[in-house]
Amino acid sequence: MPASLKENVKIQDIINEIRLQWNTSTYHHKVLIMVEGKDDQTFYFKFFEPYQSELKTCKGCKKLKDIYNKIKSSLSIECIAIKDSDFDRLNNVPPIDDGFFYTDCHDYEMMCLADELVKKELFDNLAIMYDADLIETTLNDLRYLSYFKWYNYTYKAYYEMKAIKVENESAENLRNYSYLHNIAHVSSSKSIIDEESLNQFISSKTSPLSYEITNGHDFIKRLCYRLKTKEGQHNINENQIRLVLHPCFRKENFQQTKLYKDIKNWERKKGRNILK
């Protein structure tokens, strides 16, 4: 079976599952909240009323958009979707409609970490003295790579970015065009990211905020590396940081975000009460 057909089957399976659930008395009154993956579902659960809404994962960004569009066009289910902004806001790509929301910053991890109090509590709960310089160093380590990823995302070059292991690389390699290109360019890549075009792309951008351009997974992996190699925290791991980060971002932190305010506006228009 062709890959594209398999993808459509998986999407239809998720839609069929949702249709069956919302045909029952347990679900038919609930607002469907679609998110990208399991981590997103775990993170957002505490902010929504479970008797008024239900979070469902869509197994990725592209499926989220496809499933949202199909449900809106074919089913009478009240629904919203929350997508990591990635580079869409930076590229001036509008949300699909007024029920489709972007996270503040690049993704939900960076939305959390943009809050200074959350960062400080994260370090407290890891039993490490907070170091703002370490945060900036970590962001700077990733800045050139983040532009590289932004270019790849914008022009659909299809480089294999997962091949770049930010937790194991020197800062010099992460800022080196040839190194990044040689690792990430694969046979399935659609085009070449040449250094001159990349530099022109970077120069054309009005220095975006680090929390907008940096991928949250990259930041947490790189922070873990920095804590291990520079701070001597040899037992720390990426999963530990993520698990400690989630509870540091509480309802009162969420209420300060544009995402919360956008969903609140949606609630008023629809006469719904899904937020806690």
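Me: Why is aspartate 66 called partly exposed?
Reply: Aspartate 66 has a relative accessible area of 23%. Buried means under 20%, exposed over 50%, and partly exposed in between, with a 1.4 Å probe and protein chains only. So aspartate 66 counts as partly exposed. This is a predicted model, where local features need pLDDT of at least 70, side-chain atom pairs need 80 or more, and totals for chains, interfaces and linings use all residues. Residues are numbered from 1 along each chain as its sequence is written, and side-chain values use heavy atoms, without hydrogens and water.

Me: Why is lysine 62 called exposed?
Reply: The relative accessible area of lysine 62 is 55%.

Me: What makes aspartate 66 and lysine 62 a salt bridge?
Reply: Their side chains meet at 2.9 Å, N to O. A salt bridge needs a side-chain nitrogen of Lys or Arg within 4 Å of a carboxyl oxygen of Asp or Glu, so this pair counts. Both residues lie in helix H3 (residues 61–74), four residues apart, about one turn of the helix. Helices are DSSP runs of H or I with at least four residues, strands are E runs of at least two, and both are numbered from the N terminus.

Me: How many salt bridges does the structure hold?
Reply: It holds 18. One of them joins lysine 83 and aspartate 86 at 3.0 Å, N to O. Both of these residues are buried.

Me: How do you know that arginine 89 forms a salt bridge with glutamate 212?
Reply: The closest N and O atoms are 3.2 Å apart. That is within 4 Å, so the pair counts. The pair links distant parts of the chain, 123 residues apart. Arginine 89 sits in the loop between strand S3 (79–83) and strand S4 (100–102), and glutamate 212 in helix H10 (residues 210–213).

Me: Are arginine 89 and glutamate 212 buried or exposed?
Reply: Arginine 89 has 29% relative accessibility, so it is partly exposed. Glutamate 212 has 15%, so it is buried.

Me: Why is helix H6 called roughly perpendicular to helix H9?
Reply: H6 (residues 132–155) and H9 (residues 195–204) pack at about 100°, with axes 10 Å apart. Angles of 65 to 115 degrees count as roughly perpendicular, under 35 as roughly parallel, over 145 as roughly antiparallel, and the rest as oblique. So H6 is roughly perpendicular to H9.

How values were computed:
Axes fitted to C-alpha atoms, helices over the stretch in contact; angles between N-to-C directions.
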